[in-house]
Amino acid sequence: MAAQALPKKRLPESTLSQSALRQSPFCYLQYQRRSHETPIKPDLPWFVNPYKSVEVVLVGGSHLSRLLWFCPGIASQLPQNIMLAAMDDPIAKLQYRLELPNGILFELQQRNETRKIVFMAGSRDILPTTDDASSPEPAVNLDSVVGRVGQILESIRLYLPAVQIEVWGLPRDAQNHPNIAVFNQKLAHLCVRHKVQYRGDVFEASCQTPDLWLEDGYHLNVRGYQTCILPAVVAAARIV
């Protein structure tokens, strides 16, 4: 039986105030919706602040941004040398934020302290969603998304040629949609071509235990973060 497109559902609001998010030592974490029209300057204080570490920077979509947004208790368990550069936007907008002149990669280049960048895409580009659960599943061009990941890897190399790069596979969703496994396989092949490390730890952990998701079916709940994401973050913070 073909997998059903996931209906769109409203997620719970952040458990942290906007002020608390701005004061987080870990990131420029999303506290407002970002788009091409959103000025870049509010994003940058976390990167230019010398008291906030940028040794290991986690770049990606909502699976990373919600690490603190919905799980503030996890903050005390996070390594002190990481920063999150993640947002709940499609990969095209994330790429724009990274490559913008005087944007994220430029600022990291100026700091010259980053030793590792971890990239993890968001599920919104991979899983088909619809406002009507009974409607046909919309097509998703996985090769296009993988192509954008390749462009992002090239940009990272351009700005930060000596940095270590890891690309993480996505966790599976509650319905075990085949797009996730196919996308992760394509990512692994992409990493071979770009000579960067692919890690499937998050996907493998998400396949071991049920009940790891919020009601939307593809974002992890607190248990999911504790089981799948947090161990991978701790491992990534160890610089070899």
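This is a predicted model: local features need pLDDT of at least 70, side-chain atom pairs count only at pLDDT 80 or more; totals for chains, interfaces and linings use all residues.
Local features are described only where pLDDT is at least 70, and side-chain atom pairs count only at pLDDT 80 or more, while totals for chains, interfaces and linings use all residues. Residues are numbered from 1 along each chain as its sequence is written, and side-chain values use heavy atoms, with hydrogens and water left out.

## Overall build

The protein chain has 9 helices and 7 strands. Both kinds of element are DSSP runs, numbered from the N terminus: helices are H or I with at least four residues, strands are E with at least two. The chain has 240 residues, and 53% of them count as buried. Buried means under 20% relative accessible area, exposed means over 50%, and partly exposed lies in between (1.4 Å probe, protein chains only).

Contact means heavy atoms within 4.5 Å. Take the contacts between residues at least 6 apart in sequence: 77% of them join residues at least 24 apart.

## The sheet

Strands of a sheet pair through backbone hydrogen bonds, either parallel or antiparallel. Here, 5 strands form an open sheet, and the pairing is parallel. Their order is β3-β2-β4-β6-β7. Two strands count as paired if DSSP finds at least two bridges between them.

Which strands stand at the edges? They are β3 (82-86) and β7 (197-199). Each has a single partner strand, so one side of each is left without a neighbour in the sheet. From one strand to the next, the twist averages 20°.

Strands β4 (residues 116-120) and β6 (residues 164-168) pair in the parallel sense over 4 bridges. Within this pair, F119 stands opposite V167 in β6. Helix α7 (residues 178-194) packs on the sheet and touches β6 and β7. The direction of α7 makes about 160° with that of β7. Such angles run from 0 to 180 degrees between N-to-C directions, with axes fitted to C-alpha atoms, for helices over the stretch in contact.

Now look at the other end of the strand order. Strands β2 and β3 run parallel and are joined by 5 bridges. G60 stands opposite A86 in β3. Is β3 mostly covered or mostly open? It is mostly covered: 5 of its 5 residues are buried. I82, L84 and A86 lie on one side, M83 and A85 on the other, and all are buried.

V57 lies in strand β2. V57 is buried, with a relative accessible area of 0%. Beyond its neighbours within four places in sequence, V57 is in contact with M83, A85, L108, T114, K116, I117 and V118. V57 and N81 are 24 residues apart along the chain, and their C-alpha atoms are separated by 8.6 Å.

## Salt bridges

How many salt bridges does the structure hold? It holds 5. A salt bridge is a side-chain nitrogen of Lys or Arg within 4 Å of a carboxyl oxygen of Asp or Glu. The table lists some of them.

| Pair | Closest N to O distance |
|---|---|
| R111 and E113 | 2.8 Å |
| D143 and K186 | 2.9 Å |

The R115 and E55 pair links distant parts of the chain, 60 residues apart. R115 sits in the loop between α5 (104-111) and β4, and E55 in the loop between α2 (45-48) and β2 (56-60). R115 is partly exposed at 41% relative accessible area, and E55 is partly exposed at 21%.

In the next pair, R111 is buried at 13%, whereas E113 is partly exposed at 38%.

K186 is partly exposed, with 28% relative accessibility.

## A buried charge without a salt bridge

D125 lies in the loop between β4 and β5 (129-130). D125 is buried yet has no salt bridge. Lys and Arg count as positive and Asp and Glu as negative, with His and the chain ends not counted. The nearest side chain of opposite charge, R124, is 6.2 Å away.

What lies 2.9 Å from a polar atom of the D125 side chain? It is the backbone nitrogen of I91. Leaving aside neighbours within four places in sequence, D125 is in contact with P90, I91, V140 and V145.

Conventions
A polar contact is a pair of N or O atoms within 3.5 Å; within protein, one must be able to donate a hydrogen and the other to accept it, and residues adjacent in sequence count only if both atoms are side-chain atoms.
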